[in-house]
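Good morning, and thank you for coming. Please look at the display.

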Amino acid sequence: MRPVIAVDGTHLKGRFGGTMFVATAQDGNEQVYPIAFGYSDSENNLSWEWFLECLRGALGHIDDLVFISDRHASIEAGISKVFPYATHTICCWHFGENIKKRFHRKDVADIMDSAARTYSEFNYNRHMEELHRLHKGAFEYAIDAGPHKWSRVHCPKEAAWSMRHQLTDAAHLVILKRVEKCNYMTVNPVDWNIFSVKLKGNQ
């Protein structure tokens, strides 16, 4: 599992109401899948803390863990309390939608998205200067949110933006053992669809 977990909540509009909490992750094939969900009567500090504690109990400690969410204050409070060692970042899609709703400017949100996704600090500064010229309020809103939470260039954890392809030590050891075992085997054809496999030194 990639050490990046996205969390969000949605209000249920059925007979019983309440809020559903969901945590999702991404596997080595870049497929998104749910790893936990829960229900509560409402979305507040206590309910998010409860859900995150259940998540921690299921996953244990994960090094270099990164959380992605919207800017809900209860999520931020819960993560800082339950996962104090983790990095909390802002979902760029939610951030862009908030900017469009708040300032009613899609062009401003597009520039914000470009600043968030660029790999270059030069381009980041260029986009932010353009944002400042177009809408000072949106620029100040982005700075107040913390560029280290939404900008690729300033994110303290690379895991939030790139997939890790390194094998774990356990998987690497298994592969080495199988390769070494192959070195001690001989394969000889017996028929067109039958082969004889023997360990070297054995008859």
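This is a predicted model: local features need pLDDT of at least 70, side-chain atom pairs count only at pLDDT 80 or more; totals for chains, interfaces and linings use all residues.

Let me begin with a definition: two strands count as paired if DSSP finds at least two bridges between them. Strands here are DSSP runs of E with at least two residues, helices are runs of H or I with at least four residues, and both are numbered from the N terminus. By that criterion, strand S1, residues 4–11, pairs with strand S2, residues 19–26, in the antiparallel sense, over six bridges. Within this pair, His-11 has Thr-19 of S2 as its bridge partner.

S1 also pairs with strand S4, residues 66–69, this time in the parallel sense and over three bridges. Here Ile-5 is bridged to Phe-67 of S4.

Residues are numbered from 1 along each chain as its sequence is written, and side-chain values use heavy atoms, with hydrogens and water left out.

Turning to confidence, pLDDT is the predictor's confidence in each residue, from 0 to 100. Its mean for the protein is 83, with 78% of residues at 70 or more. Over residues 159–168 the pLDDT is below 50, and this stretch has 24 contacts (heavy atoms within 4.5 Å) in the model beyond near neighbours in sequence.

Of the contacts with a separation of 6 or more, 46% join residues 24 or more positions apart.
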